[in-house]
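Please read them with the sequence and the structure open.

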Amino acid sequence: MALALHSSTPRINLKENRSYRNPDDSSSTVGFAKMKPTCQLRAKNSTQESQISRTERERSFSHTIHELQREKLHGMASPHSHSSTNVRVPVFVMLPLDTVSIGGSLNKSRAMFASLMALKSGGVEGVMVDAWWGLVEKDGPMKYNWEGYAELIKMVEKLGLKIQVVMSFHQCGGNVGDSCSIPLPPWVLEEISKNPDLVYTDKSGRRNPEYISLGCDSLPVLRGRTPIQVYSDFMMSFRERFKAYLGEVVVEIQVGMGPCGELRYPSYPESNGTWRFPGIGEFQCYDKYMRASLAAAAEAIGKDEWGRGGPHDAGQYNQFPDDTGFFRKDGTWNSEYGHFFLEWYSGNLINHGEKILAAAERVFEGTGAKLSGKVAGIHWHYKTRSHAAELTAGYYNTRHRDGYLPIARMLSKHRVVLNFTCMEMKDGEQPNEANCSPEGLVRQVKMATKTARIDLAGENALERYDGGAYSQVLETSRSDSGNGLSAFTYLRLNKRLFEPENWRNLVEFVRSMSEGGQRTRLPESDRIGTDLFVGFVKQSNVRKTISEVALVL
């Protein structure tokens, strides 16, 4: 997700931390902001948040609609096309994590319909939803229940919207800010209980049930099928169930490849306080399948001693790079052994993505739906030489090596859009001691996608409603340096989004994106008569449903 979390922002206790650290290559000072790294998981709204009455919402929406001079109809452009400075960037909105219930039905369908109508009136291109493996294949191997998703997709089609569907092969829950719990399918958990090495494991033996370890990708460990076969069968079932909608209504399939749906290792698990921002995380290579792979790689180059486990001096989850022998300025990461281990660790991750995306390409070829893959925006310790937090997550990106270009080239082989987060973040908002640079990271990823000649789509990492965040997205959406954005997905649909000021900011942002991001600063207040794109939604219908919007979430 890059690690995306709304909710409690990381408050770094200066009494508990060591003295402020300056980047290796910069003495600049950045402001302290109460921000949280990313993870794509929605937090529950705080009871202390300001509550806008239903009457106020109705009055705000109705007044704006009443003042509209004409409807602005949005035709569907190509969901993703190489962006230039003046190209329209379609905006999608993520739906709640629990859009489909544990029982497989659509949650709060009337309220959802009202919300979708409002989004349509605001000029939004469409929505994104997680198709949870733990819900759809819950009842047993190859027993799929798509009914809740079928109701949603029909609803989306009726309103003239589009939808991006995430093949979510990971667990929802266990991270700070999670609003619901959706584990892996029960029959998969049963296999894990018999063989705990099916999931990622750290050097202390902690098992992480978020996602199946890539070490057993090609082994028939899931009741006679390999994990890749299971994922492929799941996608095939989706294709057969929704073939009439693919390419027209279902315009994009985002293929989950790891925790939070991202191509990475679960190196910064937040459950039970294991990891806290801005810790460096830990390598996840200690299940028996990963250990066997490492041993084989070491033996192949005549260095058997290198295959006995991960780096012994890589520290613990919540340490800083300089606290460790591996990640410090002139640490082991830059040694012959370090290069070997990091090539193996990151190479396995890229191979994992390749296997899943090759399967997805076979399944969805010819359907008209785009494929995308998500890469985490790990921006903390980016200004240091080793980029420790990126290394533990599987991105071999250091001062001397571009870790994102190999990923972009792998995605290019399968014509997959690279989806990246932290598009709304500014360097000056981050705590100084974390050595963050989300802006530098985004620039690097933009150049990698440009070099690999693939499209780049974006998301915000945190739930933000202010004009400053939207302006930053508008700035990064342009192609002045590297690739521009081909699409943007906003995190996330909830009650706060429909508060009058927040809604006006979103609509103005959508309008600016439709103009190619030419206006990078949003106005402080709304201009009557220009902020809503009614599209195909009739004015009377919008008025009727405004009161129901507040029921969502």
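1. The side chain of lysine 162 reaches the backbone oxygen of glutamate 248 at 2.9 Å, a polar contact, meaning a pair of N or O atoms within 3.5 Å, where within protein one must be able to donate a hydrogen and the other to accept it, and residues adjacent in sequence count only if both atoms are side-chain atoms. The model is a predicted one, in which local features need pLDDT of at least 70 and side-chain atom pairs count only at pLDDT 80 or more, while totals for chains, interfaces and linings use all residues. Residues are numbered from 1 along each chain as its sequence is written, and side-chain values use heavy atoms, with hydrogens and water left out.

2. Lysine 162 belongs to strand β3 (residues 162-168). Helices (H or I, at least four residues) and strands (E, at least two) are DSSP runs, numbered from the N terminus. Lysine 162 is buried and has no salt bridge. Buried means under 20% relative accessible area, exposed over 50%, and partly exposed in between (1.4 Å probe, protein chains only). A salt bridge is a side-chain nitrogen of Lys or Arg within 4 Å of a carboxyl oxygen of Asp or Glu. The nearest side chain of opposite charge to lysine 162 is that of glutamate 248, 5.1 Å away; Lys and Arg count as positive and Asp and Glu as negative, with His and the chain ends not counted.

3. How many salt bridges does the structure hold? There are 23. One of them joins arginine 225 to glutamate 137, with the closest N and O atoms 3.1 Å apart. Arginine 225 lies in the loop between β5 (207-212) and α6 (227-241) and glutamate 137 in the loop between α3 (133-136) and α4 (147-158), so the pair ties together parts that are 88 residues apart in sequence. Arginine 225 is buried at 10% relative accessibility, and glutamate 137 is buried at 0%.

4. Lysine 413 and glutamate 354 form another salt bridge, the closest N and O atoms being 2.8 Å apart. This pair links helix α10, which holds lysine 413, to helix α8, which holds glutamate 354, 59 residues apart. Lysine 413 counts as exposed, at 54% relative accessibility.

5. Helix α10 (residues 405-413) has Leu405, Ile407, Ala408, Met410 and Leu411 as its buried residues. These pack against α8 (336-364), β7 (370-375), β8 (416-420) and α11 (438-452), where contact means heavy atoms within 4.5 Å. Just after α10, arginine 415 takes a positive phi of about 55°.

6. Arginine 511 and glutamate 515 also meet in a salt bridge (3.5 Å, N to O). Arginine 511 is buried, with a relative accessible area of 15%, whereas glutamate 515 is partly exposed at 32%. Elsewhere, salt bridges that share partners join Glu190, Glu191, Lys194 and Arg223 into one network.

7. The largest nonpolar core has 148 residues, and Leu116, Trp133 and Ile253 have the most contacts inside it. Such a core is a set of buried Ala, Val, Leu, Ile, Met, Phe, Trp, Tyr and Cys residues joined through side-chain atoms within 4.5 Å. Helix α8 supplies the largest share of this core, 14 residues.

8. Is strand β2 (residues 126-132) enclosed or open? Seven of its seven residues are buried, so β2 is largely enclosed by the rest of the structure. Gly126, Met128, Asp130 and Trp132 cover one side and Val127, Val129 and Ala131 the other. Strand β1 (residues 91-94) runs parallel to β2, joined by three bridges, and valine 93 stands opposite valine 127.

How values were computed. Pairing = 2+ DSSP bridges.
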